[in-house]
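Have a look at the model first, then read on.

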Amino acid sequence: MRVSVILAAGEGSRMKSNKPKVLHEILGMPMIDYVIEATKNSNVEKTDVVVGHGEDKIREYFGDRDITFKSQPIGEGCPYGTGFAVMQTLDSFHDNDTVLILNGDTPLIRSDTIDELIKFHEVNNFSATILTAVLDCPYGYGRIIRDDKARIKKIVEEKDACQKEKLVREINSGIFVFKGKDLKESLKTLNTDNTQGELYLTDAIESLSREGKEIGGFKLKDNREIVGVNSRDNLALCTQIMRERINNDYLINGVTMIDSKSVIIEPRVKIGRDTVIYPGAVIQGTSVIGEGCTLYGTTRIVDSIIGDNVSIDNSLIENSQVGSGSKLGPYAHIRPNSKIGKNTKIGNFVEIKNSNFGDGSKAAHLAYVGDADIGKNVNIGCGVVFVNYDGKSKHRSTVGDHAFVGSNANIVAPVKIEDYGYIAAGSTITKDVGEGQLSLERAKQVNIDGWVERKGLKK
Ligand code: UD1
Ligand code: CA
């Protein structure tokens, strides 16, 4: 069986954070989740995650997702290090299993690379295989030390390396494959005799090679896959690389970006072809954008479903749906739980919350629609407010098809306006309005002749 182990118990002190390192996000998703996804999409059958520092927060994040955790004891007197972390998983694999080890802080690894690495390991029957990379700037990584026949002898950590070793540019990605039995045997040989006083997994390599076992080195084609996150600048670099990876995938698959460097698309988003995205757009969570849409400016779409041919200008849409052919913005705000129909128009400074807004309906300027069910082809005038809150509770209002709500009207919930109900501008509506009725709620206009002159106001 092929088993994988993800190491995520470290403190991550270089992040200077209250949050466990592996929960730091890259484009809205914790880095460890990228590693888990990569293993799930590879030929590995089972994955264990070793947790320690911030364990509660990590378990809480994953909730009831199907992940097996192993706890690494943390605290005074406990050993520390990647070797000790792997020791927590000894009952997770058998002698004849192939064991893949990944670091929770190396989020850019691809499932294809994992599969190639495992294949290389198995075909060559190596005792262990290291995924390595040759970097221009190897600083901070463990160096791969080979003998004069280019056979891998050991890995030396940056902090333990001599001047000559520091010059080596081939580095350890932290990703390994071991034969189960050899891993078990070599873990027994680890000691803390190093600068950091840790049990290094990397020392298992030297132990195996001393016994005459052959170690494979699988060199990466794309070095950007193994950027490890130890500090915030590494996190920024990973974010940049992931953004490029995601955006380039869309460019290849028919999405246009005017400036792909300034568009943020999170990993779980889906976007249809012929959609055009202008600079500044942020598309987050599980959002799905249809075909032929246009997103302008600083539009942000969170966990929402957008139909085809929708145009959105500088607007925020959260946990909602927007039907095909609709036009939103500039500066519209669709708050959670709203369902906007097809071919609607939601214009400047319109806020819609927890409402249904039927096909063909319009709210073109300056309105608040909260807790309302708006039918089809309704016109919501400028400045209309659905007064949904009485200071204690929220109430719903309903507006039927083809209704017309004049400018600056207040609809004091709960109220029902039936189909073709017309509300005069400026009215404060507190009672239901029947089908086809005009409802006018305002004082009669009085014009007084000569009033200004009599008051001596005329110059
Ligand atoms: C490690 C490797 C180094 C490699 C680099 C690649 C060792 C000794 N060094 O160094 O050769 O070039 O990764 O990025 O393995 N962890 C635990 N328990 C612990 C300590 C760490 O689970 O007790 C986890 C961390 O959460 C992290 C991973 O192991 O996900 C790596 O630990 P880290 O301290 O970041 O190792 P590096 O110094 O980066
Ligand atoms: Ca690291």
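A polar contact here is a pair of N or O atoms within 3.5 Å; within protein, one has to be able to donate a hydrogen and the other to accept it, and residues adjacent in sequence count only if both atoms are side-chain atoms. With that in hand, domain 1 and domain 2 share six residue pairs in polar contact, both residues being at pLDDT 80 or more. Keep in mind that this is a predicted model.

**The two domains**
- The protein splits into domain 1 (2-226) and domain 2 (232-439).
- Their centres, taken over C-alpha atoms, sit 46 Å apart.
- Domain 1 puts 20 residues into the contact, and domain 2 puts in 15 residues.

**What the interface is made of**
- About 1,500 Å² gets buried between domain 1 and domain 2, with 63% of that on carbon and sulfur atoms.
- L27, L108 and R224 account for 44% of the area domain 1 buries against domain 2, more than any other three residues.
- You'll also find three salt bridges between domain 1 and domain 2.
- D33 and R268 pair up through their side chains in a salt bridge, at 3.3 Å from N to O.
- On the domain 1 side, β2 (25-26) and α1 (31-40) are the elements giving two or more residues, and α1 gives the most, with four residues.

**The calcium site**
- The calcium ion (ligand 2) has D105 (OD) and N230 (OD1) as its protein donors, 2.2 to 2.4 Å away.
- D105 is in the loop between β6 (98-103) and α4 (111-123), and N230 is in the loop between β11 (215-219) and α8 (232-252), so the pair ties together parts 125 residues apart in sequence.
- D105 counts as buried because its relative accessibility is 12%, and the cut-off for buried is under 20%.

Notes
Residues are numbered from 1 along each chain as its sequence is written. Chains are lettered from A and ligands numbered from 1 in the order in which they are written. This is a predicted model: local features need pLDDT of at least 70, side-chain atom pairs count only at pLDDT 80 or more; totals for chains, interfaces and linings use all residues. Side-chain values use heavy atoms; hydrogens and water are left out. Donors are N, O and S atoms within 2.8 Å of the metal (3.2 Å for Na, K and Ca); water is not among the atoms, so sites may look incomplete. Buried means under 20% relative accessible area, exposed over 50%, partly exposed in between (1.4 Å probe, protein chains only). Domain bounds come from an automatic or database domain assignment. Contact means heavy atoms within 4.5 Å. Buried area is the accessible area (1.4 Å probe) that two parts lose on being put together, summed over both. A salt bridge is a side-chain nitrogen of Lys or Arg within 4 Å of a carboxyl oxygen of Asp or Glu.
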